[in-house]
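Here is a colleague's note on the model below. Please read it with the coordinates open.

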Amino acid sequence: MVELVPLVRQFQSMKQDILQAVADTIDSGKFILGPNVGRLESEISAYLGVSHAIGVANGTDALVLTLDAYGIGPGDEVITTPFTFFASAEAVSRVGAVPVFVDIDPQTYCMDPSRIEEKITSATRAIIPVHLFGQPADMNEIMHIADKHGLVVIEDACQAFGSEYRGKRVGSIGHAACFSFFPTKNLSSIGDGGLIATSDDHIAQRIRQLRQHGSQKKYFHSEIGYNSRLDELHAAILLIALPKIDEWNKERMRLATRYQEALRDISYISIEQGPQDRTHIYHLFCIRSERRDQVQDALIHGEIQCGVYYPCPLHLQDAYASLNYKLGAFPVAERMSQQLLALPMSPFLLESEQNQVIDILIRLKGEMTP
Ligand SMILES: *Cc1c(COP(=O)(O)O)cnc(C)c1O
């Protein structure tokens, strides 16, 4: 079986260092907001080129706390994409605001900036672009629209740690940015974790307070907050992974090029080439096919794991029935939910495994009737 993401292999490669980190954490007696979280925050803020990085419990909380810190809540609208993991919109609803969707660009699968302005109302407060599958959204256009209308931009960079847009790391472009360290993300730990990046001193201070029950001084609470901290243990593990992230992302890009070259002449598959002004760090590598289900069946039959991201766009989710979006509201997102298929991708994927995937897709060419 070729796995979609060989996670065991990834963490086994660091097992000795991780076990040492666990032992060191036990011996330190510092389990919550200790030196590892502090060191990780300063290393990530330096890596991204922002003034503040704040570790929290997970990527979803990173979005919730950021929205809360900006005072976004009931009566407010936040523009985002319907083609993303549910949490991008769930966080908006969690703070009491309403997610307003705009369709995606068929080349990048990220929010289409030309669709944003028609959705801006007097209630709009923020835009959450998602750097989907590891490829940055059109940040120049989005920042330009946000500036013009006085909106906050919160990057959902959960899938894109280390990717760049016009020479800048994602996470350093919007007013704030959210990352996830969920095990399958490019930079990850063996549990949940998240982080907010911002260069806004005031917002950073608010988020630091919110993650600790609205408290700056122990047992004194200036507001209602959350319990949402990154564990010392996960920070220790992330400190082991962080120095490897550029090399890992490079290996993902190398494997992506290998897929692209090998699959170029297969007519039933298309693969989007992203714009040249940004890097794609392939959190997921997706092919597109009008016969996606047939391709998926052939891969599963050949013992290849593959994945559908995402089978149901957010405007059609049961949880959002009350928003009254109809089928057809976002045709590009709807089409991609029918056509995209993620192939195995990881810096720990072997070339021999990738060759098995490629061979099946090439062999399938003969079986596909035009
Ligand atoms: C993973 C992910 C999240 C949520 O992160 P968690 O750490 O799982 O809470 C949010 N947005 C996107 C785009 C994601 O991929």
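**Notes on the pocket, the ligand and the backbone**

1. α4 gives the largest share of the lining of the largest pocket, 3 residues. Helices (H or I, at least four residues) and strands (E, at least two) are DSSP runs, numbered from the N terminus. The model is predicted: local features need pLDDT of at least 70, side-chain atom pairs count only at pLDDT 80 or more, and totals for chains, interfaces and linings use all residues. Residues are numbered from 1 along each chain as its sequence is written, and side-chain values use heavy atoms, with hydrogens and water left out.

2. The largest pocket is lined by 24 residues. Nearest its centre lie Phe85, Ser180, Phe182, Thr184 and Lys185. α4 and α5 are the elements that give two or more residues to this lining. A pocket, on a 1 Å grid over the protein atoms alone, is an open set of points where a 1.4 Å probe fits, with protein on both sides within 12 Å along at least five of seven lines; lining residues have an atom within 4 Å of a point.

3. The volume of the largest pocket is about 440 Å³. Here a volume is the space filled by probe spheres set on the points, which are joined across faces, edges and corners. The lining divides into 11 nonpolar, 10 polar and 3 charged residues. Ala, Val, Leu, Ile, Met, Phe, Trp, Tyr, Cys and Pro count as nonpolar, Asp, Glu, Lys and Arg as charged, and the others, Gly among them, as polar.

4. Where does the ligand sit? It sits in the largest pocket, by the test that more than half of its atoms lie within 2 Å of the grid points. α4 (59-69) and α5 (87-94) are the elements that give two or more residues to the shell around the ligand.

5. The ligand is surrounded by 14 residues, each with a heavy atom within 4 Å of it. The closest are Gly59, Thr60, Asp156, Ser180 and Lys185. By class, the shell has 4 nonpolar, 8 polar and 2 charged residues.

6. Check the polar contacts (N or O pairs within 3.5 Å). A polar side-chain atom of Ser180 lies 2.6 Å from a ligand oxygen atom. For Gln159, the distance to a ligand oxygen atom is 2.9 Å. Asp156 places a polar side-chain atom 2.8 Å from a ligand nitrogen atom.

7. Two backbone points remain. Tyr309 and Tyr310 are joined by a cis peptide bond, with omega about -5°. His213 is not a glycine, yet has a positive phi of about 60°.

Definitions and conventions: Polar contact = N/O pair within 3.5 Å; in protein donor to acceptor, adjacent residues only side chain to side chain.
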